[in-house]
Amino acid sequence: MRDTTSAAPRTSATPLLQTVGLTKRYGSFLANDKIDLDVWSQQIHALLGENGAGKSTLVKTIYGLVQPSEGELRWEGQTMVLSGPSQARARGIGMVFQHFSLFDNLTVAENVALGLDGKESFREMSARLEQVSRSYGLPLDPKREVWRLSVGERQRIEIVRALMQNPRFLILDEPTAVLTPQEADQLFVVLERLKSEGRAILYISHKLEEVKRLCDTATILRGGKKVSTCNPKAETAASLARMMVGTEIKEVKPAASRKITVPRLVINDLNLEPDDAHGVRLKGISLELRGGEILGIAGVAGNGQDELFAALSGERLASDPGTIVIEGIAAGHLSISRRRKLGAAFVPEERLGHGTAPRMRLSENALLTGHAAGNMVQHGFVNTAATLNAVDRATETFDVRKAKRDPEAASLSGGNLQKFIVGREILRNPAVLVVSQPTWGVDAGAAAVIRQALLDLAAGGAAVLVTSQDLDELIEISDRIAVMFHGHLSASLPTAEASREKLGLLMGGSSLETKEQAHAADT
Amino acid sequence: MQLILEKRAERSKTVALVSPLIAIGLTIVTMTILFMVLGKNPISALYVYFIVPLTDGYSLQEIAVKATPLVMIAIGLSLCYLANAWNIGAEGQFLMGAVAGSWIAVKTQGTEAGHWVLPAMLLLGAVAGALYALIPAICKVRFGASEILTSLMLVYVADLLLDYLVRGPWRDPQGFNFPTTAEFDPVATVPTLIEGGRLHLGSILALIVVAAGAVLLGKTIKGFEIRVVGAAPRAARFGGFNANQLILLTFAISGALAGLAGIIEVAGPVGHLQPGISPGYGFTAIIVAFLGRLNPIGILIAGLFLALTFIGGEQAQITMKIPLDVTKVFQGILLFYVLACDSLILYRFRIVSSSPQVARGAH
């Protein structure tokens with residue numbers, strides 16, 4: 001049945017929570033500009049917006065972490081002043097953060113105990129934890145240490161911790177960002193149940209299909225202002241996206257014809273021990289990537305993607321040179337600079353502190369990866385003109401917006417810095433590009449530019465390896481998709497055959513058991 | 001009302017230049033209070049400290065002589081600190097350079113050795129300083145030992161070795177049992193620049209070191225590596241720079257410069273090896289390095305300023321009976337304020353109203 005009204009069924013005359021003209025100023029910057037928001041009980045209310053639209057500031061204000069500069073919060077119609085999160089919790093407001101705040105070396109119960117304000121004994125609390133988690137279909141063993149758990153299970157801890165306070169209003173910040181499609185489905189069942197119990201849920205996401213499926217109402221923020229409140233089921237993903245971004249997003253177009261050429265990056269049975277206790281061991285990873293191809297690597301974060309990136313880039317060396325072959329040359333033992341000289345380029349996940357030195361200028365950050373090859377260094381001296389030239393070219397080709405010609409990397413917005421980093425590597429004309437989370441936390445406009453650049457690079461004959469947690473992104477740009485799970489890499493599927501369901505199963509590790517058995521039978 | 005520290009979007013260049021001046025200002029205020037507590041007239045004390053040494057040629061030369069080792073050592077230390085390698089033992093490397101270089105002077109004493117003696121002494125002093133600095137660096141790289149502790153502890157080893165040598169094997173037989181070597185031969189002495197003056201060739205060398213440091217840091221890929229490794233270690237590894245190699249390199253350079261400063265001091269202003277050849281140059285140079293913003297030109301200026309406090313301190317002791325240790329107090333307070341003021345480069349003060357109700361009052 002199609003819902004034609006813009007709002008969900010209302011159970012009471014006043015909203016459970018309201019923000020009235022809520023404004024938050026940081027210096028001269030308006031993070032939230034007169035935002036009015038009504039959230040009713042028994043409703044899942046989506047909060048949509050790009051990075052920097054003001055979603056986080058708004059929910060932090062509701063959770064008492066941020067004090068509004070102007071405007072007020074109302075709880076069941078009454079003015080409410082929160083001086084901290086504990087006051088918010090006392091009212092019945094709970095929050096599940098996007099970034100988990102868990103201690104890896106403590107058990108589940110110990111972590112939950114640290115986050116609770118109550119006075120019950122540890123044993124009572126553990127028993128209640130087990131009971132709450134079981135009754136919501138979120139099974140957790142209170143005695144397990146957190147580092148043994150998967151990302152999905154870690155999120156369960158956060159959700160159960162919030163539920164143990166019996167909240168009437170629950171805020172969830174991008175909860176599905178780290179889940180497989182199947183895990184997300186399980187989460188939706190829990191959220192529907194919470195809703196039917198009469199609770200209100202404020203759901204932050206930028207996955208529009210998910211919002212259309214789950215949410216009753218959506219409020220869209222852009223540049224700190226409320227753009228609209230609408231019924232997401234009556235909108236299309238494209239119309240929601242248009243409201244979020246403000247303009248039409250450019251379609252990403254793959255080249256009409258692409259020549260698949262010689263193997264440019266080959267991994268032969270790569271095994272690598274992790275260098276820290278909580279890292280992931282890489283187990284027998286093999287793949288062949290040819291010029292003109294884009295291979296996507298899907299998988300839930302923490303399944304060995306970081307370790308694979310370090311092994312490919314040469315930040316960690318393999319003992320056997322033959323395990324990594326770049327442009328036909330065994331490179332497993334070569335440093336990152338030597339690999340760059342072979343024609344490889346790398347874009348890591350972390351923009352600040354890994355991909356760039358945050359407090360250094362863009363020209364210096366161009367030198368960071370450009371010094372090995374090209375004309376930036378002559379007889380040990382830096383050619384400043386050449387580094388500045390690299391900045392100008394990246395700026396022009398990839399539309400990097402910045403306040404001056406050569407600012408510090410940290411002063412750029414996430415999207416512009418990512419465009420600079422990707423541009424810096426692409427303009428070196430690499431034969432092989434290994435890129436991790438190319439559009440993570442990047443606004444939609446910049447994401448489209450970056451994806452297009454990757455497609456164009458492959459069309460020009462380079463081999464591109466993309467690791468991402470965004471399945472839509474991988475399906476959009478990859479020719480083939482493989483999945484990482486527990487340090488294994490699955491065989492790759494042609495994108496046409498890689499349905500979300502199939503990939504989701506692989507991300508949960510389902511079909512790998514059978515593969516392992518087959519492998520055991522072989523040997 | 002509440003005073004909060006707020007992060008700046010970009011580091012402030014103005015404050016980077018002004019912050020040492022604020023630190024000096026705060027130090028002078030503190031010293032004024034200290035002089036008053038000591039029962040001295042603060043105005044005349046400050047006058048003796050900072051103005052009197054600038055009024056005659058002899059003192060001006062002496063400032064340059066004192067600044068020479070400070071600047072040389074501080075340039076080396078700045079490389080270490082930029083690379084996040086904490087060499088606190090420059091004093092020990094200074095003494096080791098002095099000892100090693102003096103060995104040639106002692107052994108060639110009274111022989112017909114030619115003009116090769118002084119260059120050989122300078123070279124050996126630098127090499128010894130570098131090798132001595134490499135001990136904590138290797139311990140750091142190989143075993144993960146804290147270079148702060150090991151480099152500092154080695155200072156006392158060097159100090160005692162020097163003490164042993166001048167009281168034992170190298171003691172001047174005609175020296176009335178004073179713990180000192182004989183005066184070095186002319187070929188083993190750093191020549192002065194002005195006939196009968198104190199200014200010597202080492203000051204020129206210090207200027208060359210400043211220029212070389214500026215070129216290294218500003219123009220070369222090695223200097224860039226040093227800066228990146230300290231500022232963003234993970235990005236440096238991504239860039240292909242080897243942090244351990246840079247720790248060894250910066251320790252070796254700073255050790256060499258400290259050792260060179262040591263042998264120049266002995267073969268120049270002092271003229272023989274004896275205990276107490278350094279009034280703590282190796283430690284004061286740490287202050288010079290930070291006061292100079294780890295920048296070679298800044299270090300040159302800061303070195304001259306700290307040298308002024310040494311001379312001023314001596315003057316104050318003579319004319320006002322203010323203990324010489326007050327100079328060290330001054331230098332310590334100065335370092336404290338320099339580090340405190342540095343936070344203003346990345347942060348700024350803002351006055352905010354502490355309660356949200358007040359802000360809403362306008363609504």
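1. Radius of gyration here is taken over C-alpha atoms, and the globule rule is 2.2 Å times the number of residues to the power 0.38. For the 523 residues of chain A that rule puts a compact globule near 24 Å, and chain A has 24 Å, so the two agree. Along its principal axes the C-alpha trace of chain A spans about 70 × 60 × 45 Å.

2. A word on what we're looking at: this is a predicted model, with local features needing pLDDT of at least 70 and side-chain atom pairs counting only at pLDDT 80 or more, while totals for chains, interfaces and linings use all residues. Residues are numbered from 1 along each chain as its sequence is written, and chains are lettered from A and ligands numbered from 1 in the order in which they are written.

3. Chain A comes to 17 helices and 23 strands (DSSP runs numbered from the N terminus: H or I of at least four residues for helices, E of at least two for strands). Of the contacts in chain A with a separation of 6 or more, 68% are between residues 24 or more positions apart; a contact means C-beta atoms, placed from the backbone, within 7 Å.

4. Now the sheet. Six strands of chain A make an open, mixed sheet in the order 6-7-8-3-9-10, where strands pair if DSSP finds at least two bridges between them. Strand 6 (93-96) and strand 10 (225-230) of chain A are at the edges with a single partner strand each, so one side of each has no neighbour in the sheet. Strand 6 of chain A runs parallel to strand 7 (residues 169-173) of chain A, with four bridges joining them; A:G94 has A:L170 as its bridge partner. Helix 5 (residues 151-163) of chain A packs on the sheet, touching strand 6 and strand 7 of chain A, at about 175 degrees to strand 6 of chain A (angles run from 0 to 180 degrees between N-to-C directions, with axes fitted to C-alpha atoms, for helices over the stretch in contact).

5. Finally, the chain A–chain B contact: 32 residues of chain A meet 21 residues of chain B. Strand 4 (70-75), helix 10 (336-341), helix 11 (362-370) and strand 18 (381-382) of chain A each give two or more residues to that side of chain A. Helix 11 of chain A has the largest share, four residues.

Note on methods
Contact = placed C-beta atoms within 7 Å.
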